Structure formats: structure tokens, C-alpha cells
Amino acid sequence: MASKGLVVATVVGGMAIAAQGDAQAADLAFSTSLYGTPGLIDMPSAAQFADGELAITFSGFPDTNRNSLTFQVAPWLMASFRYSRIGGFFQPGDEPLYDRSFDVSLQILTENANRPAIAVGFQDLLGTGIYAAEYIVATKTFGDVQVTGGLGWGRFGTRNSLGSPFGERPPIDVGLGGEVNYDQWFKGPVAPFGGVAWRATDRLTLKAEYSSDTYVTETDIGTMDQSSPVNLGFDYRLGKSSVVSGYYLYGSEVGVQFTYALNPKTPAYPSGREPGPLPVRPRPTPAENPESWATAWVNDGETVPALQKVVAEQLAKDGIALEVMTLTGREARLVIRNERFGAEPQAYGRTARLLTRALPASVETFTIVSLVESGLPTAAVTIRRSDLEALEQADPLAILPRVAFDDALRLAPADALDGGTMDFTWSLTPYLSISLFDPDEPVRADFGLLLAGQAELARGVVFGGAISKRLVGNLDEVPESSDTLLPPVRSNVALYAAEGDPGIEDLTAAWYARPAPDVFSRVTVGYLEQMFGGVSGEVLWKPIDSRLGFGAELSFVRQRDFDMMFGFQDYDVLTGFVSTYYEFDGGYHARLDLGRYLAGDVGATLALTREFNNGWEIGAYVTRTDATYEEFGEGSFDKGITLTIPFSWFSGLPSQSRSQTVLRSLSRDGGAKLQVGGRLYGLVRDTDQTQLEDRWGRFWR
């Protein structure tokens, strides 16, 4: 997997600042197991993190290192991705085995005064099965003492088993890896495990457990010597978000662990650090000043242009560009482009406040239309001035029921879709491109500079491009996939890294339009991404007040030369998808794509993402196509984790910048999509009604 962006800096910086702020991490007094999931020492528990918690864990003992990323997807559902290094797993002295695995835990009962929490877990359900185990576990807290007991299968069923109540466990067929080992679940010997944790002080927790894992393979080959099933350990909390742990394992080994947690719900600066907005200016009543409520000013040829100039100048101070404003005696309609605030309602609130100060008292209704980055008008928000005056000191949600939402195409000023001024932006920024999970070298990376520019020549007509120059790195050493039987549409990343330096990342012309209310369109031509160029067209139906959306995309592309300049290779393909989007409650988004991928394989991608109202997004996807596992190669099919981190979350300053990355177990050619920029759903989603309502808490900020 290779992805550009300040991924590492964003994650590390965000975590560090979160630790210094007021963010509340999950209660880690009873901490995580060596597998990075809620547990005792080497055994799981039924505990869960706080909803939305994200924890990263580094643990190690002789010949084994485990690195885990764990996310509390919902209050009852935890998921964890782990990358492990196991020395000499098959034979002492062999090259280390680098293993990827995925866990899920479902809490089926929460703890209360009369019962324990109960969870069912599946360990290493996607991977080689080296750590495969299933368990049912209960955990109960008594003051400062927490007691856990459970039954385990697989690895957790190898010590003093109670028999095989659900039949024999079939042997693991590793094959190409990455498959769900559902035929093994709860099969084979089952064995008990348990333990206790005591919170000795606010910082120190002592733990002891009886483990049901005998580490069969490790013991057989001599890389581990077990003399006791009892493990002892401690957790020491360094701060609100970090815990260091030490363990004495199986009577022979010493282990250490570091856990860091943060919750996207709680930014380092919850209220932000930007200057406050100007207050609403109340109007005199008609009885107090009847002349101020007159509408004759509309017919004054100098007043309207002067008002437009004042509003534009004042909005610009807040990073909001005024594109169009039309005025009548009772109504103002504006088209704005929010260039600063990550939450669109904050731009609406600042605009509305300013209008109460700049416009004559007779203007009662404000309709504010948003333009997204491509120049597309999306949402139209209508607010009454009298509501602003009455509710300025109330909770932001108090005014929300009085706000009307509609498609901009219905309410925008007549000239909002025409013309547009020439707008040019450019940037020179560092980039970090990372390749993960190569068995020979787990982490490879390139670091360099990215020069990017974009020009909007007219409304919806955008030219853009970027050139990269590597300064240091080793992505050119990523080995080519020898086991894939598909056209090499992604697996030759090393050739692009070696020869495309410097290289044209993309160079495109795009046309965005609004063919009808609730309908958006895009046509992009040029060098669409690092590896492909051609033409891509897309149409999206997404009403502002609907959770449901449908889209279709069709692209004809040809593979670019490895030097990433202007030439092409012989391989071309017609690729495209029909897509369904749905927004669930709680910030969950689902997307289903059906169509043809870059290697010519046909299939579907299902993605589920949880988005927080401050811009954080954490998700996962899986792709299955008609390419066989043998054709796909190691990993069997494409799947991965997506992560989006807004810079404003840890800086406290308004910004639309964010870091986006995809963590794949392996980069392969099957299920590969075109990476064209400016896809419609990503552009318009932030201004649909559900998103605006979720972020309305920043309206008065």
C-alpha cells in the first residue's frame, strides 16, 4: 500500500497534542492484552473501550512483536488490526514471519450491578490463522477489582481442555491467506481461562491470569519455554491517554507494552482557538425607527453595490468568499465559498451574523448557498433574521428547527450558476508516501516535495495538476508481485517510484455541472493519477434531505509510462461502477460499488465508515471480484482500513486540510480502482442536510 500525505506527522502530532489537552481517553486502568484488545495479559476480557475510542498498542516479548490498531466501532462492537513479527516461527534461525491478522469482539451483555459483561470474540478471523481463536468471556467489576473468566477455542483451547463439544477443528489451510476461517469457529478443544486485575492506585494496576494458550508451535520448535500457565503483570498510567505495561509470562519470559488511546469525539481544543465572531446586531422595532424598516434603499443605485462591497470585505476576513449577492427589500440571497472552516454551519453562522450588522433592518430573510471546492452550488440554507436576534444566546440546536434546507439549484440567485471569476491557488508541501506489510521489509517510504496548483476558469471549470520530487526513500525497492496472474495495474509501484522522479502526479481538466435539482455531474480528462490517464465521467443523484444516493461512473483509461511524464503504455481498460450510498444514524456511512475494475475483473466493493462531527473518519472496505484467489495472489482479495484525520482536530484552528490514508494488508492488482480526484459524493456530502445537522453545534462559533 502506498499513500501520499502527512499521515505519520498527523497521527503522531494529533496523539501528542491530545495527551496535553482535555481529551478523555478510555479508562485504561485494566488496559489491553498483548494482542492490543481489551484484556488481561495474554487473555481477552469482556470489557470494551469508550465508544469511538482508537488505541494503538506496541507489545513485545522474546521472538515476538505485536503492533495493533483497535477501534471501538460501536458501544458493543470492537475491531482490531494487528501486524506481528514472529522470529523463527517455523524453524529456529529462519527469517522472521510477518503476520497480519484481524479481530472482532461483540459485547452481548453490558455489566450492571447484578450481572457481568459478556462478550464473544473472534481472533485472527482474516489472516494466516496463526493466532486464530474464538472465545466467550465474562467480566465483573467489584470496586477496584475486576474479575474475568472465559472459555476459549483454537489457540485459547490448548491447555487442560474440556473436550470438543462442537466437533473437531479442521487444520488451518493458510493457502494465499486473507480468507475467513469460518469453518474453524468454535470447533475443537475448549479450555477455561481467567484472571483478576486490581487497581492499586489511580495510576497502577496489578494483574494475574491463568492462560489457556500453550503456544504449541513456539514450544515445539524451542522459541518459547513454558513452565507455568500463570502470567503476572502491571499497568502504569503515564497520563490520560497512555499506559506502559510489564509482564512475567509463562514462568520464563518478560514482556513489555505501550498503549496510546484517543477518542475522535474529544478534540484537544473542543471550542477551537479561532477568534470569536462579531455579535448579532438587533434591529430597532418599527415603532422605534420606522424609517429603518423602509425598503426604498433597494432603488438607490449606489446603496446595493456598497452593501455588496462591505459584505464581501468583511466575509473575506473570516476566510469566506462572497460570489454573488442579490437583495430585495425583505430578502438577501448569497452564494458563498467557505475556504476556512471544516464545519459548513460555522461558515453559515458567521455569514448570518455579519448580515445582521451590514444590511438594512427591512431585510428579514437570509438564504445562503454553498459552493464546494469545484464551484458546484450544493446546499441552500434559509434563516430568519428575527430568529437570529432572539436565539443568539441559546443553544445552537435551538435555532435548527427554524432553519430551512433545500437544493441550491432551487433557491440560488439567478446568476449563481453563471460566470465566476478566475481563481488560482498553488502550494508546495512535503509528502510522505508509504508502503506497508511487505514480508521482506514491513515499512518502506518516500519523502519529498509536492508542487500543486489549481485554476477555476469559470463556474465548475477546473484545471489542476501536481508534480512530485522525491528527496529520500526506498519505494523503488518494493518487490514486484510474483504470484499475481492479473494485468499489473498496481503491483508495479516500484517502477513508478524508480523512474517517475520527478513525475507528474496528475494533470487534468474537469467540468462540474448541475443538470437538474438533486443531480450532479463531472467529466475529467487528462493524466488522472500516477498510473493512468484518460477520460472519466460521473453522475450523482443525491437530494439534500435524503440519506440515500445513487451514482454512476464510467472511465476509459490507458496505463501511463513509468517515468510519469506524458507517454502511455499499451494497456487500456474501460472501467466503471454503479454506486449506492446510505447514511445511517450515528455518523455511519455505507457505500456499495458494482462494476469493472482496472485489471478487467468484475465485482463489488462494500465500504462502511464512521464519521464524527469534527471530520474524523474511520472505516473499512472489502472487495470481491470474479478474479480467483490464485489470480489475485497473496491475500486472496482486496480489503483495507481507511483513516481521515482533520488537522483542525489537534490544532484547534479552523482548517479544511486533512490527512487521508488507506491501510491495506497488501497491494495487489485485483479489485483496483481508478484514483481520480474530485469524485462527486465526497464533494457534496458535507453539505447535505444530515451532515449539516450533525455539525450544527458550531453555528454560533
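Let's start with what covers helix 3. The cover over its buried residues includes strand 14 (320–327), strand 15 (331–338) and helix 4 (344–358). Keep in mind that this is a predicted model.

Now the helix itself. Helix 3 runs over residues 303–317. That is 15 residues, and at 1.5 Å a residue they should span 21 Å. The end C-alpha atoms lie 22 Å apart, which agrees with that span.

Which residues of helix 3 are buried? They are V304, L307, V311 and L315. Look down the axis of helix 3: these buried residues fall within an arc of 60°, so they line one face of the helix. Now turn to the face pointing away from the buried side. There you find K309 and K317, both exposed.

Let's zoom in on one residue, L307. L307 sits in helix 3. Why does L307 count as buried? Because its relative accessibility is 13%, and the cut-off for buried is under 20%.

What does L307 touch? Leave aside residues up to four places away in sequence. Then the contacts of L307 are W297, M325, L327, A358, L359 and P360.

One distance to go with that. L307 and L355 are 48 residues apart in sequence. In space, C-alpha to C-alpha, L307 and L355 are 9.7 Å apart.

Last stop, the end of the helix. Just after helix 3 comes G319, with a positive phi of about 75°.

Technical notes:
Residues are numbered from 1 along each chain as its sequence is written. This is a predicted model: local features need pLDDT of at least 70, side-chain atom pairs count only at pLDDT 80 or more; totals for chains, interfaces and linings use all residues. Side-chain values use heavy atoms; hydrogens and water are left out. Helices (H or I, at least four residues) and strands (E, at least two) are DSSP runs, numbered from the N terminus. The expected span of a helix is 1.5 Å times one less than its number of residues. Buried means under 20% relative accessible area, exposed over 50%, partly exposed in between (1.4 Å probe, protein chains only). The arc is that of the directions from the helix axis to the C-beta atoms. Contact means heavy atoms within 4.5 Å.
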